[in-house]
Amino acid sequence: MSRDLTGREDALAVVTEFYRRAFEDALLGPVFRDVARLDLVTHLPVIADFWATVLFRAGTYRRNLLRVHLDLHERFPLTSAHFTRWLALWADTVDDLFAGEKAELAKSQAERIAWSMIRRLRREDASELVTIRRRDEVEEQP
């Protein structure tokens, strides 16, 4: 059995493998490569900081995650399908590398963040109560 995530280096391992898979993915790859034009050398440490902050309260991520996605969404509309695929790929990556309390937190926080983000991109209420009440509706929309 895999060990649990314990710090930023483990977060970096997850995001590195996730983006390797995402760049190869038929749905997500074109968005990351061609639209966002992610420079992974620059991007991976930033996202590792984000996940270290989410999982370990590291306080190392000080950027605006929503603004980045709003800007991307203006250039290329992100749909529920993109977020659903992102979540599946994220969960598979976490499960393939780690197991334990923090690994489960990485997956549950990703889900919360993704559904909040899609509601915000649609200019809807982003509260968690809306997630519980309307999740099926959000997943069905293109």
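The model is predicted, so local features need pLDDT of at least 70, side-chain atom pairs count only at pLDDT 80 or more, and totals for chains, interfaces and linings use all residues. Residues are numbered from 1 along each chain as its sequence is written, and side-chain values use heavy atoms, without hydrogens and water.

Colleague: What span should helix α3 have, and how far apart are its end C-alpha atoms?
Modeller: Helices are DSSP runs of H or I, at least four residues, numbered from the N terminus. The expected span is 1.5 Å times one less than the number of residues. The 17 residues of α3 (40–56) should therefore span 24 Å, and this agrees with the distance between the end C-alpha atoms, 23 Å.

Colleague: Which residue has a side-chain oxygen reaching the backbone nitrogen of valine 41?
Modeller: Look at the start of α3. The oxygen comes to within 3.2 Å of that nitrogen, and it belongs to aspartate 39.

Colleague: Which residue takes a positive phi just after α3?
Modeller: The phi is about 55 degrees. The residue is arginine 57.

Colleague: Which helices do the buried residues of α3 pack against?
Modeller: Buried means under 20% relative accessible area (1.4 Å probe, protein chains only). Among the buried residues of α3 are His43, Ile47, Phe50 and Trp51. The buried residues pack against α1 (8–24), α4 (65–75), α5 (80–97) and α6 (101–121).

Colleague: Which helix gives the most to the lining of the largest pocket?
Modeller: α2 (28–35), α3, α4, α5 and α6 each supply at least two residues. With six residues, the top contributor is α3.

Definitions and conventions: Buried means under 20% relative accessible area, exposed over 50%, partly exposed in between (1.4 Å probe, protein chains only). Contact means heavy atoms within 4.5 Å. A polar contact is a pair of N or O atoms within 3.5 Å; within protein, one must be able to donate a hydrogen and the other to accept it, and residues adjacent in sequence count only if both atoms are side-chain atoms.
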